Amino acid sequence: MADDPQRNFRSAYYEKVGFRGVEEKKSLEILLKDNPLDLEKISTFSQRFPLPSMYRIHVWKVLLGVLPPHSDSHTVVGGYRKQQYQDVLEALEVMRYIDSSTPSTHVYLRMDQLESQVLPRCSDTSPPDEENEAFLCISRSMEEIVDDPVDCYWLIKCFINQFHSKFGDSLPHLPKSLEHYLSQEEPRLLHHLRTSGALKQLPYSLWFSCCFAGCLPESSLQRVWDKVISGSCKILVFVALEILLSFKIILLGFSRPEGVVNFLRNIPQENTDAIVTKAIDLWHKYCGTLVHAV
Amino acid sequence: MSKEQLSISELLLSLDSSELQEAEHVRAAVNQQLSSDRGGAVLSALVDFYLESWSNQAALLLSSIRESNHKVLLEKLTEAVNRPAQRLAAVSLLGELVRKQPPWIHLLSRSPLLPALLRCLKTDTDVVVLITGVLVLVTLLPMIPQTGKQHLYDFFDVFGRLASWSYKNPGNVPEVHLLHLHASVYSLFHRLYGMFPVNFISYLRLHYSMKENLDTFQEVVKPMLEHVRVHPELVTGTQDYELDPSRWKRYEVHDILIECSRLCLDVLESSCEDDVCSPPASPHLNLTCSPALTHTASSSVSAQQLTLRPAHIQADDVTWSPSMHCGLATPPPESVALGSVHSLTRTTSISGVRPPTEDGSTQQPIRAEQEQLSSFQPIPKQETRALSDISSSSAEPHPLTSTPGHDRQLSGPVPFFTSPQHIRWGTGSAPSGCSPASPYDLLLELALPHATPLFLRRKTKERSEAEQEEAWLREDATVSPLKVLDQLIIHGDHAHQHFSRRLSAGLKSVERSPAGGKPQSMKSKGPAHQESEFQCLRSQLMMVHAQLQYERFKRQQHAVRNRRLLRRVINAAALEEHSAAMKAQLLAQDEEIRCLNLSLQHENTRYVNMQHDNNTQRDTLQTHNRQLLQQHQEAQTHNQKLQSELQECRSQLKDQEAELQRANKKAYNSEHQLSQLSMKLSSTQQLQQQMFLMNQQLILLRETNRALSEQLDGGRALRCTEASMLQCSVDVEYQQLKESDMQLRQKLEAANHRIAELEDQLITKDQLIQDQKKLLEETKNQSRCELKASDSRCSSLRKVCQALQTEMLQLYSEIQQFTHTRSQPQDVNRPNGGGGVPQRLRPSSSALGVINGGAEEPNASPPIESPLAVGSFLEQHARQLFGPTNQSPVETEKQEEEEEEDDPPDSPPLGQEVEENMLLIGSPQADPPLSNQSQAGTARQRQNELSIMDYD
């Protein structure tokens, strides 16, 4: 990098003008040129900088293990993945779990169930339980982000698997830490929530189990997921905290907990980008930039 | 309270009693009550008493009240001043108090009394009140100089009003009164001019520039201005500076008084401090010198001196003294002598009268007056008597007029003491005056025989002088008002004498009074006229009294100043003496210093000489020393030379010794050689003998040799060829060996080279191996990943299969159930429905077949797996190929079974797999009549088992 002075000369101005992604894109390209890919480095990068959207899916796939770190075997493994997807899909079609009219999210759910051997009998189609609901939420959002159904399925599957295997233990503690940070940032709001009784009823499942899928628009959501995929679930706490802080005045206006919960379930979608940016800043502030901890 | 007041009024009534002791007692009581007075009741009672009775005692008591009570007093006085009836009494009381200078006098400036007084002066028309008030004001002014700021223009207005009043006389008062008024205005003029010259002059300029005031100025103010010199402040001062209170801080009352009088050219008003040495003062000087010269002048002279002494002291204190006249620096012994005379007179005098010393002379008039007033005689009468005293005193008016430069004050007391006639007359008329008068009487009588001629001479001389002066004064257009007043009094005296003659002729005592009046108006015409005249006289008397009081106050101030100045003179004299002593000391010390200087010079010269000697001695010693040092150095160099020679000699000696030893050694060696040579010689001789023998033998041998060599010559050539051949072979052999050595060496090098090459190769190989290993590892990883992917795919496929199988089983069970329910009616026509039955039988048979192979199942299970997978693949593909998607599971199943039939090579594994499943479900199948419910339950159980039996 040092051998190209012109680039350095420009790069001094990128930050000032506000193009934050330029330098990062280059360095990400350099990272992605490695063979085999260094997962550690990529996840660090993803934690520290926003991912350029053109590489996002690729990076996610690599980080989630959909694609191996060796770029040579990407095509082979990609083929495997596709075949597996088709096999499972066909099997489900054969078994008449799905048909062409079935929404793709449900298709993904059935596929996952089949693969994890929890496919219910066709006869007893129970309504989707909470876990399935989270899956459906996530898959709905993922569907928006990813175009290719095969990639989409795999990303959903691996994302959920990784999320549960990695952060399954820390999920119950997230509300507590949200409370802690809220007490540091805005004790008044915390007090209000506590006295009005809304604290217990905050939509934790929407926030932490679904990773804000369905709560934030996809453009903002993918930035949050960048951080989650690269190995931090604390970001969820900060996004939640920032949502509370951003709508502090409105929230302080509610006296009944139902109002708070209803509002938080359907927050306005206008400036979620700003919320996420602030949340990432807060996260950096509290957890430092190099923390990989959950 | 009332009781107390009552007691006070009673007390006050007896205050002026003629009983001295009782009066004393009452005074003490009143004093005590005053000191314990709270609300000022006693004080106000006292004031009221004074206002009614003009009691001198009351005035005395009031003047001695404490400072805490002054407020009440001032209030009371203000009240009284504002009441026209009591105004005169109040003003005169104020005058009494002011002249006593109580400590609270400065508070007067802030009290409403001063404005009240000024208002009264500006508005009142009673000339007596005006005169009294003006004199009080003139007395008061030096005591409260700092009030000028607030009331300055009030003072000026008062002056302006009174000046015009005295000129225009709007109240038509008698001219005599106007004279008095004029005199007091004159005093006021001097005071104001002395204290506030700039402001006053500017006021005069302003006030008299108006046309209506011009004549007043011409007539009244201009003559006054002729009597003053230019105030220095007019040059340097400003209006503001003049009013600055700090200006007055270092002045005392008498200082201000003197300041004012210094500016006055009028001999009667001014102090003659400045021009005391001028000739006009000489009569007095003579007078004072005379007792010093004629020591035997006795008490008549001393008495006269006594009377003059206050003036003398205050006039001459600073600038002149008799001793100075005699040329002495110390206080004059004369005064001491005089003092002794005084003490003598005092001892001879009767007690009750103060000795006529300085103090005594100031106290005396007061005393006399007090005693005059102590009786309860009606005031007019008393005053008349006093007036008559004065007028009678002017039987000898000369001292009064002939002592210019003396205070006007003197004019009062002088007659009291200088004229025994008057005193005698006084004693005659007033019994109470007897006690003070009699000692002087005695004194004078005692002194008279000696003093009379001198006195008479002086009198005549003075008279002539006075006449001259009067003549001069008459010529002078602007006569001092005081002088005029004096003249008036003198005239009054003449009138009185004339009148007293008439009195002796048998007239009533009442008619005595018009003594101060004009001679023309003196003739008594009737009782009414007499009454008015009496009134006029009375007021005149009061005016004179006020004037007198004022003059006395001035004299007191002069006395105070005199005391100060005397103290200063004494101090100055002491200082002078001290300085003289110091000077003498200084001279002595100068002398000493000079002696010391001389000795110092002497010592210095001696020191210089000694130093010179010392220097020369030192120089000679130094030169000597230098020579010695040189010699010493020379000796040292010589010594060194000698020593080096010695060293050389020693080394030579050593060399010679060594040489000697060497020579000895040589000799020794040569001796030894000699002995050896002799031995050798002997042996040589033996050898010569042997040689001879040997030679003989040699010859013999040569002969034999010759013979032998001749014998040998035949066979020598053969032996030569053999040797050369041998030599050749040796050479060749050597060459060969050398070459082989070379070859071997080359080989070694090659081998070494080869080794190095091989080592390199080894290293590269190692590296290659490493690379390969890494590559392998990577590939392994890669393939592991791929494998994992494919594994996951496999497992998913397996799960798909399981699901499918479960599904299938489900369907089977459903079919079975279905067939079972249908078999009951279909059993009858089984042969007809041939399609389904053999198919249904087959599985059971195949199941049986598999049961046989079931024993080897544990071992065979891994190989089975792949065919199973393959089968399932095939199955899938077959389904894809043949089966329409909307085919019912039953049909699919049928199709499968058809496939089994069609495809025998594939069927065993497929069948096996199916059979396996069937086997697992076999038990229910073996027992067909099992209930539907149990079948469904077992299917589910089977499914669970299958999931448990995951191959992973």
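Reader: What do the buried residues of α12(B) pack against?
Author: In this predicted model, they pack against three stretches of chain B: α9 (148-168), α10 (175-195) and α11 (197-208).

Reader: Which residues of α12(B) are the buried ones?
Author: They are Thr216(B), Val220(B), Val221(B), Pro223(B) and Met224(B).

Reader: Where in helix α12 of chain B is the kink?
Author: At Val220(B), with a bend of about 40°. The helix covers residues 214-226, and the kink comes shortly before the proline Pro223(B). Both Val220(B) and Pro223(B) are on the buried list.

Reader: And chain B overall, how many helices and strands?
Author: Chain B has 34 helices and zero strands. Of its 952 residues, 41% are buried.

Reader: Switching to chain A. How many helices and strands there?
Author: Chain A has 16 helices, again with zero strands. Buried residues account for 52% of its 294 residues.

Reader: What share of the contacts in chain A joins residues 24 or more positions apart?
Author: 70%, counting contacts with a separation of 6 or more.

Reader: Now α6 and α7 of chain A. At what angle do their axes cross?
Author: At roughly 125°, and the axes come within 9 Å. Helix α6 is residues 104-115 and helix α7 is residues 130-145.

Reader: Left-handed or right-handed?
Author: The crossing of α6(A) and α7(A) is right-handed. On the α6(A) side, the contact includes Tyr108(A), Leu109(A) and Asp112(A). On the α7(A) side, Phe135(A), Leu136(A) and Arg140(A) are among the residues involved.

Reader: What about α8 and α12 of chain A, at what angle do they pack?
Author: About 55°, with the axes 11 Å apart. That makes α8(A) oblique to α12(A). The crossing is left-handed.

Reader: Which residues make the contact?
Author: From α8(A), Phe159(A), Gln162(A), Phe163(A) and Phe167(A); from α12(A), Trp225(A), Val228(A) and Ile229(A).

Reader: Phe163(A), is that buried or exposed?
Author: Buried, at 2% relative accessibility. Phe163(A) sits in helix α8 of chain A.

Reader: What does Phe163(A) touch, leaving out residues up to four places away in sequence?
Author: Gly168(A), Leu171(A), Phe208(A), Ser209(A), Cys211(A), Val228(A) and Leu236(A). Cys211(A) is 48 residues from Phe163(A) in sequence, and their C-alpha atoms are 9.4 Å apart.

Reader: Last one, Leu190(A). Where is that placed?
Author: In helix α10 of chain A, residues 187-196. Leu190(A) has a relative accessible area of 5% and is therefore buried, the cut-off being under 20%.

Reader: Which residues does Leu190(A) touch, not counting those up to four places away in sequence?
Author: Glu179(A), Leu182(A), Ser183(A) and Leu199(A). Between Leu190(A) and Glu179(A), the separation is eleven residues in sequence and 7.3 Å from C-alpha to C-alpha.

Terms used: Residues numbered from 1 in each chain as written. Chains lettered and ligands numbered in written order. Predicted model: local features only at pLDDT ≥ 70, side-chain atom pairs only at ≥ 80, totals over all residues. Heavy atoms only, no water. Bend = angle between axes of the 7 residues up to and from the residue. Helix = DSSP H or I, 4+ residues; strand = E, 2+ residues; numbered from the N terminus. Buried < 20%, exposed > 50% of the residue type's maximum accessible area, 1.4 Å probe, protein only. Contact = heavy atoms within 4.5 Å. Axes fitted to C-alpha atoms, helices over the stretch in contact; angles between N-to-C directions. Left-handed = near helix turned anticlockwise from the far one by under 90°. Parallel < 35°, antiparallel > 145°, perpendicular 65-115°, else oblique.
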